[in-house]
Amino acid sequence: MRRARAIHVLTEKERGDLNGYLTGLPATIIPNFVPDAATPDSPAPWAAQVEGRDVWLFLARIHEKKGWPALLDAWDVLCAADPGSAQGLALVFCGWIDGDDSFAVRLAQSAARHGNVIHAGPQYGADKLASFARADVFVLPSMSEGLPMTVLEAVRQDALIAMSAACNLPDFFPQAAVNTGTDTQTILAALQRIRAMPSETRAAMRAAATAHLQQSYGEQAVMARYLALYAACQTHRL
């Protein structure tokens, strides 16, 4: 590692982890890019179950590290406080269950109380894109991530982003994303803030996220950074 002219990392968090292991390494941050995606030809497989509702989408592996327990707790409080408005909402979980037996039980309990929570299972390919396209809000209150491509894919499909700082995309805050934190109270505050947002504010945040995505996470922007890194390595300018 000491002999390397460059070490590629995805985020500032990764660079910090690297420096914690061995200081003074030539670490360069270049994120993954998200490819352009066409508008899906067909609706999400689960769309008929939430027709006419404002969809809040959680698409990730169903593991406590991803923050689903605190999200479900916050959702329960939000809906209990305003049952009438809750009928116009839907919280959709997409993803495979990673050994967490309590998820199905707790989801069924919440669905019985509020009638607006579903688990649609894993989504791949065109179904995944259609799921992002149907989302009004994408929620990922994760406690640990590398560089979550799902967030960038959701931005590409024009969803409003609500995520934790542990998603390691701090450059989206505060203009282009809402910070959820990772505990029930901070997630609830984020949900309430989004619910209270005028449509114009939501639209402005989505537009800011799309513009930032193209500037920093678009294919051409990322490729340019790779080429600059390779050129610097060749000329020993690192």
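Let's start with Cys233. Its relative accessible area is 17%. The cut-off for buried is under 20%, so Cys233 counts as buried. Keep in mind that this is a predicted model.

Next, another cysteine: Cys79. Is Cys79 buried or exposed? Its relative accessibility is 2%, so Cys79 is buried.

Now the sulfur atoms. A disulfide is a covalent bond between the sulfur atoms of two cysteines. How many disulfides does a search of the whole structure find? The count is 0. Take Cys79 again, which is in no disulfide. Its nearest cysteine sulfur belongs to Cys94, and that sulfur is 17 Å away. To count as a disulfide, the two sulfurs must be within 2.5 Å.

On to Glu145. Where is Glu145 found? Look at the loop between strand S6, residues 137-140, and helix H6, residues 149-156. Glu145 has a relative accessibility of 17%, so this residue is buried too.

Who touches Glu145? Set aside the neighbours within four places in sequence. That leaves contacts with Lys66, Leu140, Ala166, Cys167 and Asn168. There is also a polar contact, between the side chains of Glu145 and Ser142, at 2.8 Å.

One more pair for Glu145. Ile62 is 83 residues from Glu145 along the sequence. In space, their C-alpha atoms are 14 Å apart.

What is the volume of the largest pocket? About 230 Å³. Its lining has 16 residues. Closest to the centre are Leu59, Ala60, Arg61, Trp96 and Thr150. Sort the lining of this largest pocket by class, and you get 8 nonpolar, 4 polar and 4 charged residues.

Then there is the second largest pocket. It holds about 180 Å³ of space. Here 14 residues form the lining. Which of them are closest to the centre of the second largest pocket? They are Leu10, Thr11, Ile29, Asp171 and Tyr217.

By class, the lining of the second largest pocket has 7 nonpolar, 3 polar and 4 charged residues.

Quick recap. The search finds 0 disulfides. Cys79 is buried, Cys233 is buried, and Glu145 is buried in its loop.

Notes
Residues numbered from 1 in each chain as written. Predicted model: local features only at pLDDT ≥ 70, side-chain atom pairs only at ≥ 80, totals over all residues. Heavy atoms only, no water. Buried < 20%, exposed > 50% of the residue type's maximum accessible area, 1.4 Å probe, protein only. Helix = DSSP H or I, 4+ residues; strand = E, 2+ residues; numbered from the N terminus. Contact = heavy atoms within 4.5 Å. Polar contact = N/O pair within 3.5 Å; in protein donor to acceptor, adjacent residues only side chain to side chain. 1 Å grid on protein atoms, 1.4 Å probe; cavity = no way out; pocket = protein on both sides within 12 Å on 5 of 7 lines; lining within 4 Å. Points joined across faces, edges and corners; volume = space filled by probe spheres on them. Nonpolar A, V, L, I, M, F, W, Y, C, P; charged D, E, K, R; others polar.
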